[in-house]
Amino acid sequence: MSIIQKTATEQLALLNSGELTSVELTQAYLNQIEQVDGQVGAFLRVETESALAQAAAIDQKRATEAPLGKLAGLPVAIKDILCTKDTPTTCGSRMLENFQPPYNATVVEKIRAADGVILGRTNMDEFAMGSSTENSAYQTTQNPWDTARIPGGSSGGAAACVSADMAPLSVGTDTGGSIRQPAALCGCVGLKPTYGRVSRYGLIAFASSLDQIGPLARTVEDTALLLEVLAGHDPLDSTSVKQPTPAYSETVKQPLENLTLGVVDRHFGAGIDPEIETAVQSAIQVYESLGATIKHIAMPHADYGIATYYIIAPCEASSNLARYDGAHYGYRTDQAEVVAELAEDGSDEGPLVRMYRKTRSEGFGEEVQRRIMLGTYALSEGYYDAFYLKALKVRRLIRQDYDAAFEEVDMIIGPVTANPAFAQGEKTSDPMAMYLEDLYTVTANLAGVAGISLPCGFTSSGLPIGLQLQAAPFQEEKLLRAAQMYQAATDFHTRRPELS
Amino acid sequence: MSLTRQDVEKVALLARLKFNEDGLDKMTDHMVQIIQYVDKLSELDTEDVQPMAHALDIYNALAEDEPRPSLSREDALKNAPKRDEECFRVPAVLGE
């Protein structure tokens with residue numbers, strides 16, 4: 001077995017015992033990227049030189065017996081939405097093509113402080129808006145299990161690179177399912193922490209009340225390790241919660257006794273792919289065989305999740321993205337063209353407004369413009385109550401559904417997606433169809449609860465299927481332990497895509 | 001709730017975006033579809049429900065009032081598309 005096929009936890013043991021150096025490990029992943037990323041397109045930029053330099057510095061530190069951080073030389077891939085000082089951070093957008101942030105995101109600082117090696121930046125839907133990574137302004141990413149299909153999104157590159165053994169650990173973001181859905185479609189593990197568990201400082205904002213950073217990895221154990229590094233209160237993010245970070249990686253292997261899992265009946269039946277239904281039902285049976293009690297619960301407002309999300313998220317996005325004005329940073333249109341148009345059409349629109357409009361129409365892609373338009377409309381005079389206020393009220397009802405459910409059960413178990421990975425281009429002309437991809441995942445963001453996706457089977461054509469567990473706020477420790485119980489009893493997470 | 005092409009044009013100005021004729025047609029079609037879908041929320045009676053803007057019940061997260069260094073002017077200006085020594089440069093806001 002080659003070194004990159006081992007789990008991060010196994011690699012960490014080899015690093016700590018001195019059988020492996022961080023430079024060897026980093027080089028092995030760089031070689032794999034070189035070999036297969038031409039087919040996958042997971043990385044926007046591979047930072048070969050700086051990765052090897054960081055790895056060498058960590059090896060040096062180890063040689064002097066200085067204490068090492070928790071990642072101790074493990075490579076990590078970073079979604080291109082997390083600010084990294086003086087290094088391009090594009091957010092998958094032309095708008096930020098030449099942007100080099102003047103500061104680091106807190107999670108980037110934390111990975112560095114934990115002696116992680118940053119391998120490169122992964123592809124994503126522009127400003128994290130999408131479910132297929134097809135909205136990236138730069139490239140598409142292919143699903144490693146079938147390169148004619150999408151990897152999911154918006155953290156498509158983050159999931160695909162783990163799935164194709166190009167990184168042992170990967171950081172993504174999840175606003176409506178953007179970690180869990182690609183993890184499910186690419187056959188890896190992805191966790192969306194409770195809102196407030198991980199600092200969002202330096203995360204380029206899409207919808208601030210929903211965005212959360214989280215880990216992706218091949219196994220639950222590795223996911224626990226990375227979450228332990230990412231989590232924690234940060235004075236630079238007032239929405240990060242002052243709660244101690246449990247030692248997830250130390251407790252993850254302890255099974256939970258008297259586990260009660262809730263099943264939502266309306267997650268099944270009409271609308272879900274029968275092979276996914278079968279795989280998820282089998283996973284529920286695995287839990288029963290492990291001693292879990294299954295209860296049927298009602299989430300009466302779950303069907304309103306997508307409608308609520310597609311009001312709240314665009315409203316927040318239209319406000320957040322107002323900062324891209326062509327003046328402070330990012331793309332700006334050609335001034336000569338603005339002047340020429342001004343002379344030509346004789347309307348009373350002044351040069352500054354023209355500059356804004358032309359800059360934003362050229363710098364943003366179609367989906368981002370659609371969300372800005374929806375948000376602007378829903379927040380405009382006369383519509384605010386009917387749309388935004390209404391959605392905030394339904395959001396409360398959805399949260400109350402969760403609160404009631406967690407009175408009765410420890411976790412909610414169900415599917416991540418209704419369908420396996422779809423073909424490239426299949427949904428690009430139908431925004432509503434793309435939005436419905438997040439049917440089972442958005443409610444966790446609206447309510448602010450934690451959720452994890454883990455491999456639970458394959459379709460007859462060999463595409464991965466994901467299982468979702470959701471837990472009450474700040475119950476990640478239990479969530480990981482429950483997920484690990486399943487992974488210890490099954491081997492879906494050990495299968496690998498065949499890339500030539 | 002109907003949404004016309006003229007409405008979309010007005011929203012585009014508010015959003016500081018601009019569409020050509022085809023783009024405006026397409027945006028109108030898509031927005032009408034999405035708004036029809038989200039209108040599903042009107043089925044619910046929410047008369048007595050408190051709106052929920054945020055998942056956390058945190059109020060007034062205050063920092064200690066201690067001065068610390070902020071971004072330098074040079075760092076803040078570094079990514080500007082157009083600048084001089086101390087300012088962002090933009091097209092004339094007032095008439096010539």
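## Contact between chains A and B

In this predicted model, the contact between the two chains takes 53 residues from chain A and 41 residues from chain B. On the side of chain A that touches chain B, the elements giving two or more residues are α10, α11 (335-345), α12 (351-363), α13, α14 (385-408) and α15 (431-435) of chain A. The most comes from α14(A), which gives 10 residues. By residue class, this side of chain A divides into 28 nonpolar, 15 polar and 10 charged.

## Packing of α10 on α13

Two of the helices named above also pack on each other. Helix α10 (residues 305-320) of chain A and helix α13 (residues 366-379) of chain A have axes 7 Å apart and meet at an angle of about 100°. Angles of 65 to 115 degrees count as roughly perpendicular, and α10(A) and α13(A) are therefore roughly perpendicular to each other.

From α10(A), the contact uses Ile311(A), Pro314(A), Cys315(A), Ala317(A) and Ser318(A). From α13(A), Arg371(A), Ile372(A), Leu374(A), Gly375(A), Thr376(A), Ala378(A) and Leu379(A) take part. Of the residues in this contact, 8 are nonpolar, 3 are polar and 1 is charged.

## The sheet

Chain A contains an open sheet of 11 strands with mixed pairing, in the order β1-β3-β2-β4-β6-β5-β10-β11-β9-β7-β8. Its edge strands, each pairing on one side only, are β1 (43-46) and β8 (293-297) of chain A. On average, and ignoring direction, neighbouring strands are turned by 30° against each other.

Helix α17 (residues 476-489) of chain A lies across β9 (411-415), β10 and β11 (464-471) of chain A, and runs at about 10° to β10(A).

## Strand pairings

Strand β2 (residues 75-79) of chain A pairs with strand β3 (residues 117-122) of chain A in the parallel sense, over 5 bridges. In this chain, Pro75(A) stands opposite Val117(A) in β3(A).

Strand β5(A) runs antiparallel to β6(A), to which 2 bridges join it. It also runs antiparallel to β10(A), with 3 bridges. Gly190(A) has a partner in each of these strands: Leu216(A) is its bridge partner in β6(A), and Ser453(A) stands opposite it in β10(A). Both faces of β5(A) are covered. Val189(A) and Leu191(A) lie on one side and Gly190(A) and Lys192(A) on the other, and all four are buried.

## Nonpolar core

The largest nonpolar core has 160 residues, among which Val76(A), Cys161(A) and Ile311(A) touch the most other members. Helix α10(A) contributes the largest share of this core, 9 residues. In soluble globular proteins, nonpolar side chains tend to be buried together.

Cys161(A) has contacts beyond its neighbours within four places in sequence. These are Ala42(A), Phe43(A), Ala77(A), Thr122(A), Met166(A), Ala167(A) and Ser170(A).

## Backbone exceptions

Most residues other than glycine have a negative phi, and most peptide bonds are trans. The peptide bond joining Gly153(A) and Ser154(A) is cis, with omega of about 10°. Ser154(A) is found in the loop between β3 and α5 (156-163) of chain A.

Phe127(A) lies in the loop between β3 and α5 of chain A and has a positive phi of about 50°, although it is not a glycine. Phe127(A) counts as buried because it has 30 C-beta neighbours inside 10 Å. Glu65(A), in the loop between α3 (48-63) and β2 of chain A, likewise is not a glycine and has a positive phi, of about 60°. Glu65(A) counts as exposed because it has 7 C-beta neighbours inside 10 Å.

## Asp345 in α11

Asp345(A) belongs to helix α11 of chain A. Asp345(A) is exposed, because 9 other C-beta atoms lie within 10 Å. Its C-alpha atom is separated by 52 Å from that of Ala51(A), which is 294 residues apart from it along the chain.

Technical notes:
Residues numbered from 1 in each chain as written. Chains lettered and ligands numbered in written order. Predicted model: local features only at pLDDT ≥ 70, side-chain atom pairs only at ≥ 80, totals over all residues. Axes fitted to C-alpha atoms, helices over the stretch in contact; angles between N-to-C directions. Parallel < 35°, antiparallel > 145°, perpendicular 65-115°, else oblique. Contact = placed C-beta atoms within 7 Å. Nonpolar A, V, L, I, M, F, W, Y, C, P; charged D, E, K, R; others polar. Pairing = 2+ DSSP bridges. Core = buried A, V, L, I, M, F, W, Y, C linked by C-beta atoms within 7 Å. Buried ≥ 20, exposed ≤ 12 C-beta atoms within 10 Å, placed from the backbone.
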